[in-house]
Amino acid sequence: MLSLKAIGALALVALPGMTWGLGKCERLVATGNPEYPPYLWRDPQSPQHLIGANADLLALIGEQLGVKIDIIYTGPWSRAQDEVRTGRVDMLAGAFLTLPRLEIMDYVHPAFFNTPSVVWVRKGEGFPYSGWEDLRGRTGGILVNNSFGQQFDSFAKTNLDLEQVPSLVQAFQKLLLGRTDYVINERYPGMALAGTQGMVDSLETLEPPISSEGLYLTLSHDSACNDPWLRGQLAKKMTELTAAGLPETLLQRNLERWKTQQLQAADVPPQVQEKSQ
């Protein structure tokens, strides 16, 4: 009986020009941060799935490799990371590079986005800020298990008072209630979510960003699909697509997609929204 690799190889010879998944898996499952527009968020039409720029990029790579990739919702960001850590889910559709994650995941190079993380404060109630040291002595909020790059993570662990919460909406709510002095989160997802929660006029950011980190696809060490062929093909396709500028195109497209969805949701009467949930 022919192996999957042998069958794939024969098909590739028979039909030149087509891309076939020659690895041992024909389907991969990915997840990620569900509060991360325009990169990732839950699909209003199919809440068990994630959509956004990261999902579009991963789906396109899968299509070109002949591998079906499902991007699913598995819970908050902390739970999503745990699902990949255990191998129950194969991939993270977007993560910063940190030493702890390197122990449980393989990173696909190059990074497909470079995203700045900033300090969010109540509007008109900022404090003198020029860098990390100015966060000392204040209480901040971050998402559970979130990272802002290895250097900042190490500094924060030793020097800062950071409360971890499961969602960005909750972090912003605590900030506006005066229970924290600031929130650290990426700029674009923060702007997107603040807009949908009616918080834009109540929040502002301090400059400069605390970090600007690369966003990568990752493969769980414990995924049954993690093999040299897949890692090599993912890296090859990512190199090609980033060189062509595709991620930025997908980002702009999904910024508009997110805004359109929020406008549509705002036009739906509350009782209709309740029935659809």
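Trainee: In which crossing does helix 2 pass helix 9?

Mentor: This is a predicted model, in which local features need pLDDT of at least 70, side-chain atom pairs count only at pLDDT 80 or more, and totals for chains, interfaces and linings use all residues. Residues are numbered from 1 along each chain as its sequence is written, and side-chain values use heavy atoms, leaving out hydrogens and water. A crossing is left-handed if the near helix is turned anticlockwise from the far one by less than a right angle, and right-handed if clockwise. Helix 2 passes helix 9 in a crossing that is right-handed.

Trainee: Which residues of helix 9 do A53, D56, L57 and L60 in helix 2 meet?

Mentor: Contact means heavy atoms within 4.5 Å. By that criterion, A53, D56, L57 and L60 in helix 2 meet L246, P247, L250, L251, N254 and R257 in helix 9.

Trainee: Is S212 buried, partly exposed or exposed?

Mentor: Buried means under 20% relative accessible area, exposed over 50%, and partly exposed in between (1.4 Å probe, protein chains only). The relative accessibility of S212 is 40%, so S212 counts as partly exposed.

Trainee: Which residues does S212 touch, not counting residues up to four places away in sequence?

Mentor: S212 is found in strand 11 (residues 203-220); helices (H or I, at least four residues) and strands (E, at least two) are DSSP runs, numbered from the N terminus. The C-alpha atoms of S212 and G149 are separated by 8.1 Å, the two residues being 63 residues apart along the chain. Not counting residues up to four places away in sequence, S212 touches N114, T115 and P116.
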